[in-house]
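Please consult the sequence and the structure shown below while reading.

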Amino acid sequence: MPKVVVLAGDGIGPEVTAAAVEVLREVAPDVTLEEHLIGGVAVDAHGSPFPDVTRDAVLGADAVLLGTVGGPKWDGNPRPLRPETGLLALRKAMGCFANLRPVRVLPGLEKLSPLKEEVARGVDILIVRELLGGIYFDGDRRIEGDTAYNTMRYTRSEVERVSRVAFWAAEQRRGRVTSVDKANVLEVSELWRGTVQDLRDREYRSVKLNHEYVDSVAMLIVKDPARYDVIVTENLFGDILSDLAAVIPGSLGVMPSASLGDGPGLFEPIHGSAPDIAGQGVANPAAAILSVAMLLRHGLKRPDTANRVESAVAQAMRGNATRDLGGTATTTQFTRAVLEGLGQPAVG
């Protein structure tokens, strides 16, 4: 039987993850679930944000479902004991080099977007972010006196492997890739641009490719987001652009993600741990549940089941919006609506 390791994490992580697990149990009862700690709660329990027992479990899984990590309780910790350090270590241990973030405005829900309805209508973007290279993984990072150092590095092979994911995704979608860089001022971006173009010309000639500067994309992604299909970019630019685009549907609470590599995939909502609302039962579980849909599609290769979950979430959002989307539904009420949309009411 497939095994999914569940890492609920901190803040609202346990609440939204519990909702997602309830949905996963409903649509995939054959899956074995195994829970472990990560982040701040792991620091408290094991003295490490990514303990060895968690590392061993995720490397033996078919997929990993992650909640959220972090909170003010651990902000003053030394960097090795910060929850975010555990998250970076998790991604590196799993070899997850490509982060997929879908940004979709559902038909009929354009009014939830901060953009004008006519601008938000039809938005369906997939952002593919390189996840294991670049400035975030600089081995020479340091502070010396009044000077700090971080270096952005990429190899041709690192660019090629994440670009393959983007081109493959485009082939399943509308056949267009936008590669984002800053090649007018950065040598790293010159290598990035040339590598992406060479790969397209060799292996993906049916895909239309264009190159754009990151500052231009930051403007156009809010001015005319429907122009984009698949966006591929490096770690730092991808971090910023994906969070910028994530507000287009109306809330980070509806944004899932998948991190893929050569081993098990990592599936998680992109919102933070929101410690200010933790324990109140009002957190939006949509992103966590949609992360289950991505887990089913990419991790367990069950696209039909993934479609069922996505349809049920869309239906629930139309009549049971949570507080972040202007509604009054609680976490439990939204989850019940999703389960009813799957044809099975929630238990309890």
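Lys301 is exposed, with 62% relative accessible area. The residue lies in the loop that runs between helix 10 and helix 11 (303-319). The model is a predicted one, and in it Lys301 adopts a positive phi of about 60° although it is not a glycine.

Ala274 likewise is not a glycine, yet has a positive phi, of about 45°. Its place is the loop between strand 12 (265-269) and helix 10. With a relative accessibility of 23%, Ala274 counts as partly exposed.

## Helix 1 and helix 10

Two packed helices are described by the angle between their axes and the distance between the axes. For helix 1 and helix 10 (residues 286-299), the axes come within 8 Å and cross at roughly 40°. The two helices are therefore oblique to each other, and their crossing is right-handed.

On the side of helix 1, the contact is made by Val16, Ala19, Ala20, Val23, Leu24 and Val27; on the side of helix 10, by Ala288, Ile289, Val292 and Leu296. By class, the residues of this contact comprise 10 nonpolar, no polar and no charged. An α-helix has 3.6 residues a turn, so residues three or four places apart point the same way.

## Ile289 within helix 10

Is Ile289 buried or exposed? Ile289, a residue of helix 10, is buried, with a relative accessible area of 0%.

Apart from neighbours within four places in sequence, Ile289 is in contact with Ala19, Ala20, Val23, Val309, Val313, Phe334 and Val338. Between Ile289 and Glu15 there are 274 residues of separation in sequence and 11 Å in space, taken from C-alpha to C-alpha.

## Helix 1 and helix 12

How do the axes of helix 1 and helix 12 cross? The axes of helix 1 (residues 13-27) and helix 12 (residues 331-341) come within 10 Å, at a crossing angle of roughly 15°. That angle makes helix 1 roughly parallel to helix 12. The crossing of this pair is right-handed.

In this contact, Glu15, Ala19, Glu22, Val23 and Glu26 of helix 1 meet Thr331, Thr335, Val338 and Leu339 of helix 12. Divided by class, the contact of helix 1 with helix 12 has four nonpolar, two polar and three charged residues.

Thr332 belongs to helix 12. With a relative accessible area of 49%, Thr332 is partly exposed. A distance of 44 Å separates the C-alpha atoms of Thr332 and Arg141, which are 191 residues apart along the chain.

Glu340 is also placed in helix 12. Its relative accessibility is 47%, and Glu340 counts as partly exposed.

## Helix 3 and helix 4

Helix 3 (residues 52-59) packs with helix 4 (residues 83-94) at an angle of about 35°, and the axes of the two are 10 Å apart. The crossing of helix 3 and helix 4 is right-handed.

Which residues make this contact? Helix 3 contributes Arg55, Val58 and Leu59, while helix 4 contributes Leu90, Ala93 and Met94. In terms of class, the contact of helix 3 with helix 4 has five nonpolar residues, no polar residues and one charged residue.

## Helix 6 and its surroundings

Helix 6 (residues 156-172) consists of 17 residues. From its first C-alpha to its last, helix 6 reaches 25 Å, close to the 24 Å expected at 1.5 Å a residue.

The buried residues of helix 6 are Glu158, Val159, Glu160, Val162, Ser163, Val165, Ala166, Phe167, Ala169 and Ala170. Against which elements do the buried residues of helix 6 pack? The strands concerned are strand 4 (96-104), strand 5 (124-130), strand 8 (176-181), strand 9 (208-213) and strand 10 (230-233), and these buried residues also pack against helix 7 (187-203).

Technical notes. Residues numbered from 1 in each chain as written. Predicted model: local features only at pLDDT ≥ 70, side-chain atom pairs only at ≥ 80, totals over all residues. Heavy atoms only, no water. Helix = DSSP H or I, 4+ residues; strand = E, 2+ residues; numbered from the N terminus. Expected span 1.5 Å × (residues − 1). Buried < 20%, exposed > 50% of the residue type's maximum accessible area, 1.4 Å probe, protein only. Contact = heavy atoms within 4.5 Å. Axes fitted to C-alpha atoms, helices over the stretch in contact; angles between N-to-C directions. Parallel < 35°, antiparallel > 145°, perpendicular 65-115°, else oblique. Left-handed = near helix turned anticlockwise from the far one by under 90°. Nonpolar A, V, L, I, M, F, W, Y, C, P; charged D, E, K, R; others polar.
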